[in-house]
Structures are given as C-alpha cells and as structure tokens.
Amino acid sequence: MKLKKIVDKLKLKVLSGKEYLDREVKGGYSGDMLSDVLANSKEGDIWLTVQVHPNIVAVSSMKGHCAVLITNCKEVDKETLEKAEEEKVVILSTKLDSFSCIKEIVKLMKDEGQS
Amino acid sequence: MKDNLNLFTADLHIHTCLSPCAELEMSPKEIVKKIKKLKIDIVAITDHNSSLNIQGVRDASRGLDFKLFYGMEITTREEVHLLGYFYTLKAINDFQKFLDSHLENTDNPKIFEEQVIANGKDEVLGFCKKNLYMPIDLSIEQTIDSIHSFKGIAIPAHIDRMGFGIVGQLGFIKETLKIDGIECYDRNSEIAKSYLKRYPTLTSSDAHKLDDIGKRITIFKMKDRSFKEFKFALRGEKGRRILFL
Ligand SMILES: [Zn+2]
Ligand SMILES: [Zn+2]
C-alpha cells in the first residue's frame, strides 16, 4: 500500500517530505523509546510515536522507515522538520492517539490485501 | 606554584521524601545522619522537578563536615531524567520559579507516596500538590540551556538505565548536546562504555531509601569541596579530575 493512501484516509498533516508519499508501506511499528525502535522496527515501517525530538529523524533514516507518524501531536520542533527534509524523512502528524491510528491503518491494509 | 590536590568522595544523586517514588524515611535529619556515618565528603540532593527540601537538608547539616550541593532531577518533555546542579540556594530557587511555569498542575495521583516537605528538624511543613513525576513541557535542549542560564551544570542521569535514561528514550546522545557530563549506574555497562571517553562520567547512588545512600560514589581529585572546583574537575582543568577506580 502507498503511504499516500494512509495520509488521505486518516487526514494526516504532512510536515516534511511531501514528495515521498508514493513510498510503499511494508509494515508498522509503534514506540516512544527510541532505543526500542532502533532495536525492533523494520525497514519500510510506518513508525508511530509521540516523540518530537530531532533524534527521531536520525532513527527513522537509519532504519529506513517509510514515514514517521507523530500522534497526539501538538507541535513539532523546527529543527526536527529541517533535518527531516535534509534526510528525506517523511513526517506526518495527527491529533489522534496511536491506537486509533493503528486500527485504521490495519483496516486499510486488510482492504488492500483483499482487492 | 602548583595547587595541592586532594581526593573527595561524592554522592551527587539523592532523593528525599519529597520525591513521590522515595521512601518516607528519607527525611532531612535521617539523610544527614547517614551521610555523617558514611563520611561522604560531598552530597547533592536531587528531587524530581523540585528543590523544596534542600533548605531542610541544609539546616539539618549545619555544623557538619560535608559539603552540600544544590541539585534537581528534571524530567524533560522526552521523559529523559536530567540532573541540574546549582551554585547557590538562590540560584536553584530562581530556577525552580522558572520551572514551575513549565510543570503542569496535575494532582499527585494516589498510586504515589505523599510528597512531603520537611524542615531541618524533620517536622512536616506540608505536601507538594503538583505531581512531581510528570515531565515539564520543555525539550532536553531547552532545559539544558535554562540550567546554563542559571549558571548551573547539566548532566543526563543514569544514561545506562532504560527507563528515563537519555539513551533509552532518545536512542543515543547527539554530539551537539551541550551537556557537562553524564551519570551512569555501572561504568562497565555497554551503554556507559560507549560514552565514557566522550564525557566526564559521574556515578551516584540515586538513593530512594536510606540504605542506598553512598552505594555508588564518584571520587574527585581537586583542591577543595567547592562548586567551583567541581566545575574544574568536570572540565578536567588545572589537574582537577574525576578518578576512575
Ligand atoms: Zn532518574
Ligand atoms: Zn533519581
């Protein structure tokens, strides 16, 4: 499934990497401890987190995620977004919490599988 | 002329009964009694997001032969524990005023112990109503800058502990982070070993109960027990330094 589909369905804000929404979503990971995400997430994942620190860009770029989705999002550091543009990391945001997002994403993935 | 340098033992991470996760027995008088028994040269009180019990410990330690540093363990927005140490009681109290505007007014939930404010005679002065365990609304960078603007020292706590340690929360320590050192539980842990060479490294007890005080210490080689010398030792200036055992 393309990233764009999730962005449209969940009405996510695209904060960086607008030109990379045709990336393929291979899976997903949810976590707020970056050490855990480094250890356990996979390439092509959409990563859901509440962290907004610039280190999320480094972690996501290192792991080759298709995007970072910041949930319960109020505001993201400017530095984080600048770095994200440099590193070609897609940063998405939503006011929804991670669990609500995951439910929707899984639904989309199932639909995709059947069609 | 060369300065005469001496060795000093220090435990720079001790909680009092004000911290919601610390035992009630961590009262100013009891803490002071324990430090006296262990003959530690320098100690710092570091409650979560608060300096309210430092005055009590200072009063209880009057006339005793150890040096008290004024500290605090701040929980940043990323839920990283960051130690701040300050020159004077006034500096830390000013910093506290600043911090209070960044700590939300959420009631202390029942699952935690009461947050007891005590004086030097171990009398209860009151209870802190704010939940001191909550993070402030500033990033770790903003918090470090604020500590520095009050002429304090900023040191990420227990970097080798997963919960609330900087490496656990943020994956790694950025080279550009303006910290003055790091604190670790175990100098032989994998995480500690990978940062030891880059930063001056403290080991302290992070005591939440009396028995833990002094269980881990740092040894400083410096002229005297002043805060100024502590700063020199962190920077490795004028022969002052942290000794490794
Ligand atoms: Zn801590
Ligand atoms: Zn602590």
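**Notes on the model**

1. Start with helix α4 (residues 140-149) of chain B. Its buried residues are B:Ile140, B:Glu141, B:Thr143, B:Ile144, B:Ser146 and B:Ile147. Buried means under 20% relative accessible area, exposed over 50%, partly exposed in between (1.4 Å probe, protein chains only). Helices (H or I, at least four residues) and strands (E, at least two) are DSSP runs, numbered from the N terminus. The cover over these buried residues includes β3 (67-75), β4 (81-86), α3 (89-100), β7 (153-156) and α5 (166-170) of chain B. Just after α4(B), B:Lys151 has a positive phi of about 60°.

2. Ground rules. This is a predicted model, in which local features need pLDDT of at least 70 and side-chain atom pairs count only at pLDDT 80 or more, while totals for chains, interfaces and linings use all residues. Residues are numbered from 1 along each chain as its sequence is written, chains are lettered from A and ligands numbered from 1 in the order in which they are written, and side-chain values use heavy atoms, with hydrogens and water left out.

3. The interface. Chain A gives 15 residues to the contact and chain B gives 13 residues; contact means heavy atoms within 4.5 Å. The two chains bury about 1,000 Å² between them, 51% of it on carbon and sulfur atoms. A:Met33, A:His53 and A:Asn55 supply 45% of the area that chain A buries against chain B, more than any other three residues. Buried area is the accessible area (1.4 Å probe) that two parts lose on being put together, summed over both.

4. Polar pairing across the interface. The rule finds eight residue pairs in polar contact between chain A and chain B (both at pLDDT 80 or more). A polar contact is a pair of N or O atoms within 3.5 Å; within protein, one must be able to donate a hydrogen and the other to accept it, and residues adjacent in sequence count only if both atoms are side-chain atoms. On the side of chain A that touches chain B, the elements that give two or more residues are α2 (34-40), α3 (55-63) and α4 (78-87) of chain A. By class, that side has seven nonpolar, four polar and four charged residues. Ala, Val, Leu, Ile, Met, Phe, Trp, Tyr, Cys and Pro count as nonpolar, Asp, Glu, Lys and Arg as charged, and the others, Gly among them, as polar.

5. Charge pairs between the chains. How many salt bridges does the rule find across the interface of chain A and chain B? It finds two. A salt bridge is a side-chain nitrogen of Lys or Arg within 4 Å of a carboxyl oxygen of Asp or Glu. A:Glu79 forms a salt bridge with B:Lys174, with the closest N and O atoms 3.5 Å apart. A network of salt bridges links A:Glu79, A:Lys83, B:Glu141 and B:Lys174. B:Glu141 is also one of the buried residues of α4(B).

6. Charge pairs within chains. Over all chains, a search of the whole structure finds 22 salt bridges. One of them joins B:Lys90 to B:Asp94, the closest N and O atoms being 2.7 Å apart. These two are four residues apart in helix α3 of chain B, so about one helical turn separates them. B:Lys90 is exposed at 58% relative accessibility, and B:Asp94 is partly exposed at 23%. In chain A, A:Glu104 forms a salt bridge with A:Lys107, at 3.5 Å between the closest N and O atoms. Both lie in helix α5 (residues 98-114) of chain A, three residues apart.

7. The zinc site. B:Glu73 (OE), B:His81 (ND1) and B:His158 (NE2) coordinate the zinc ion (ligand 1), at 2.1 Å. Donors are N, O and S atoms within 2.8 Å of the metal (3.2 Å for Na, K and Ca); water is not among the atoms, so sites may look incomplete. The donor residues are spaced E-x7-H-x76-H in sequence. B:Glu73 bridges the zinc ion (ligand 1) and the zinc ion (ligand 2), which lie 3.4 Å apart. Both B:Glu73 and B:His81 are buried.

8. Backbone check. A:Asn72 has a positive phi, near 50°, in a residue other than glycine. A:Asn72 sits in the loop between β4 (67-70) and α4 of chain A. B:Lys238 is not a glycine either, and has a positive phi of about 50°.
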